[in-house]
Structure formats: C-alpha cells, structure tokens
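Trainee: Let's go through the ligand contacts in this one.

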Amino acid sequence: MMQADLFADEKRDVELGPGAAILSRFALDAADALIAHIERMSVLSPFRHMETRGGKAMSVAMFNCGAWGWVSDRSGYRYDAIDPVTALPWPDLPTLFLDLANRAADALGFGGFVPDACLVNRYVVGSRLSLHQDRDERDRDAPIVSVSLGLPATFLWGGHKRNDRPARHRLFHGDVVVWGGPSRLVFHGVDELKDADHPSTGAMRYNLTFRKTR
Ligand code: MD3
Ligand code: FE
C-alpha cells in the first residue's frame, strides 16, 4: 500500500493568527504514552458517537477526561461532570496530559493554563468535523490546546464568519496547536480522514483538546 505523507518532511512551526500556532512535533516524545493513556481510559469511558441537536450521529467518536466533559445530544451542547453512558464521573486527567497542555500554552505566552476538560476525538477513515466554533466554554480568555496523534489530517482554519474560505493545514502525529486571544473563536474543522496505516494507531487518528471551561 502507498504510505505517502504519514510524517512531515521537516519540523516547521506555523503561525495561524494572533495567539494561534502549530507547534510541530511538540508532543512527539510523549505520543506513545498519550495513546496508552487514551486506550486505558477508553475502557472506563467508552468512545461513543454523540448525536447533534438535529439527531444525527457524529462521524467522530468521543469521550472525555477531567472534571468536565463536552456532551452533545438532542437537547444541545454542554459540559457535564457525569458521563451519560456510564453515569459516573469522567476518568481523571493524567498528569502527563496536564503537563503537556500547560507547557504548550506557555510556549505561546499563555502562562498558568490549567485545563479542567479534555475531549478525546477518534477519527476513522471518512470521519470529519464540519466547520464550527468552540463557544461552549464560560472562560473565553483561556486558550485551547490540541494534540494530534496517529494518521495525519487536514485541518480547516476559517475566519470569524462561517462563510470565510478556510485555509488548509496538515496536522501530523505529535503536532500541538494552541489557540487563544483573538483566534479563540475562529471557525475550524477537519476534512475527511484518508485511509493509511500508522505505526502507533493503525488506521486511526486521535485528537486531544484541552479546555478551561469555567
Ligand atoms: C480553533 N477538534 O474538538 S483540534 C474540537 O482535530 C475540534 O479533532 C479538531 O475542533 C480535531 O472542537 C480540531 C483544534 C481546535 C480546537 C479548538 C479550537 C482548533 C480550534 C478553538 C478555536 C479555534
Ligand atoms: Fe472545535
């Protein structure tokens, strides 16, 4: 099978906008440990396809760790301390996760970032995330930190209006993205995942997003 493009040719940080940047390979050394944590936690809180308000199942499967978890169902989006599937609190945020998110935010000048939520997204071939804003967090001053693991994906970076044509950026295994300040509310999404085989995740991509919800 052709395996083009599994890894970036070079380490190259990309500035996306004010307060937003791709930190190339920032999490590479921690990546396999992060994946082991994801697999262990997903036994406690299984990946599930949440429903949108319109009643359609999302193609991305999710669970959360940390005090608060992002939940979507027919009543809308919210943060909840209880996993609706297990009726238990979400798994604890591993220290490795907290530490990594804190160091990445610090690299962009957001000191003292202590997330209280981590959404874990799982993409298989064909999974996508349509353009949206992350606006369910009460604290809009804190940045969001995301970590990409496994297969590469094309990230769509739009503007402040839904119709602004998005720029496209490839996100690779170990890449970290930080979004804060004026870039915190831009429209963004992920293009359909293409088939390939990654040594750490097989045919999947994981994405962690760290948020401070309140
Ligand atoms: C830009 N996840 O979970 S991470 C999401 O790759 C989400 O799974 C994508 O968008 C993924 O909400 C992209 C990057 C991301 C997260 C939050 C943002 C980009 C953002 C908030 C504002 C602007
Ligand atoms: Fe988002």
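Trainee: What lies 2.6 Å from an oxygen atom of ligand 1?

Mentor: A polar side-chain atom of Tyr-123. This is a predicted model, with local features taken at pLDDT of at least 70, side-chain atom pairs at 80 or more, and totals for chains, interfaces and linings over all residues. Residues are numbered from 1 along each chain, chains are lettered from A and ligands numbered from 1 as written, and side-chain values use heavy atoms, without hydrogens or water.

Trainee: Which oxygen distances do Asp-134 and Arg-205 have to ligand 1?

Mentor: Polar side-chain atoms sit 3.2 Å away for Asp-134 and 2.9 Å away for Arg-205. A polar contact here is a pair of N or O atoms within 3.5 Å.

Trainee: Which strands give two or more residues to its shell?

Mentor: Strands 8, 9, 10, 14 and 15, and strand 15 gives the largest share, four residues. Strands are DSSP E runs of at least two residues. The shell has 19 residues, and Tyr-123, Trp-179, Arg-184, His-188 and Arg-205 come nearest (a heavy atom within 4 Å counts as near).

Trainee: New topic. What coordinates the iron ion, ligand 2?

Mentor: His-132 and His-188 through NE2, and Asp-134 through OD, at 2.0 to 2.3 Å. Donors are N, O and S atoms within 2.8 Å of the metal (3.2 Å for Na, K and Ca); water is absent, so sites may look incomplete.

Trainee: How are those donors spaced in sequence?

Mentor: H-x1-D-x53-H. Asp-134 is in the loop between strands 9 and 10 and His-188 is in strand 14, so this pair ties together parts 54 residues apart in sequence.

Conventions. Polar contact = N/O pair within 3.5 Å; in protein donor to acceptor, adjacent residues only side chain to side chain.
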